[in-house]
Amino acid sequence: MSIKEVEKIWMDGNLVDWKDAKIHVLTHALHYGSGVFEGLRCYNTSKGPAIFRLNEHINRLYNSAKIYFMEIPFSKKEISDAIKNLIRANKLKECYIRPIAFRGYGEMGLNPLNSKVNVSIAVWPWGTYLGEDGLKNGIRVKISSYQRISPNSIPPSAKSTGNYINSILAKVESLKPGYDEAIMLDNRGFVSEGPGENIFLVKNGKVYTPPKHASILPGITRASVIKIANDSGYNVAETDLTRGDLYKADEVFFTGTAAELTPIREIDEIEIGKPGPITKSLQKSFFKITKGEDNRYDFWLDMV
Ligand code: PPE
């Protein structure tokens, strides 16, 4: 997906022109994946642009950094304020937000501890992640032959740049034969997540999603959808699921900041079907909330 350029990018405390937001080729993170990042969305509401669950994303960024002994040289408040200022500076109403903290230039070799930590924030308009048609009618996915990274290889609960090389392998393996996306199993063989999404299934009116120990990134959209489902009277079980559970499900969908809530209509040539009633109802609620049209959830929105 090509990037829609805007005017400014925030780099280590300063706003710089988009074209000048550059780093050295010997940046540690480029060679060794030693960065941590976040993805957030800002939605246009009737009261103005609002960031969805800003605090939760900022907290996850600092937790990811902690696992890698990275000291982010800004406070959480400074990063939150910088995000809002940047959206204002770029005069955006709706956008994707990508803060990243990474080991910078100055040291090579695998000891990262002496590398300085740089922080950048970019924002740009990012439409539907898996296509407008996918959001409406569902996508076709393939269970990957690549296993999801596991807690004792690379902690999946930290959103580090290096994690995504595993996601990329799975994604490309699904795209080459014409699928839209992959699903990965964990090192035990249970359902884990998509390359950039958490997964849910519906069976006999109940909602299920893999638990935190299934090598998932604890998604903020996942947590939101669990809350919305509970509030709407659907029981959600966080439990180990098999690929057979997916094949037999009545409804399956992905969640994520980029993917939002994307229905899955086919897995490994097995038809799940058009987006079902629970998927559609949760998706509708989710979009109402992000657009500020359900004031019960206003506390999830941070006005820019
Ligand atoms: N699992 C993974 C591996 C993941 O990358 C994401 C987000 C999620 C689950 C969902 O988490 P959350 O956004 O908190 O609900 N993936 C981000 C990056 C996507 C990309 O292609 O880049 C995102 O959605 O922003």
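Reader: How far is a polar side-chain atom of Thr 257 from an oxygen atom of the ligand?

Author: First, a heads-up: this is a predicted model, where local features need pLDDT of at least 70, side-chain atom pairs count only at pLDDT 80 or more, and totals for chains, interfaces and linings use all residues. Residues are numbered from 1 along each chain as its sequence is written, and side-chain values use heavy atoms, leaving out hydrogens and water. For Thr 257, the distance from a polar side-chain atom to a ligand oxygen is 2.6 Å.

Reader: How much of the ligand does the protein bury?

Author: Areas here come from the Shrake-Rupley method with a 1.4 Å probe. On its own, the ligand exposes 550 Å². Of that, the protein buries 93%.

Reader: Which elements give two or more residues to the shell around the ligand?

Author: Elements are DSSP runs numbered from the N terminus: helices (H or I, at least four residues) and strands (E, at least two). Two or more shell residues come from each of β6 (95-103) and α6 (220-231).

Reader: Is Asp 268 buried or exposed?

Author: Asp 268 sits in the loop between β15 (260-267) and β16 (270-271). Buried means under 20% relative accessible area, exposed over 50%, and partly exposed in between (1.4 Å probe, protein chains only). Because its relative accessibility is 18%, Asp 268 counts as buried.

Reader: Which side chain makes a polar contact with that of Asp 268?

Author: A polar contact is a pair of N or O atoms within 3.5 Å; within protein, one must be able to donate a hydrogen and the other to accept it, and residues adjacent in sequence count only if both atoms are side-chain atoms. At 3.5 Å, the partner of Asp 268 is Arg 243.
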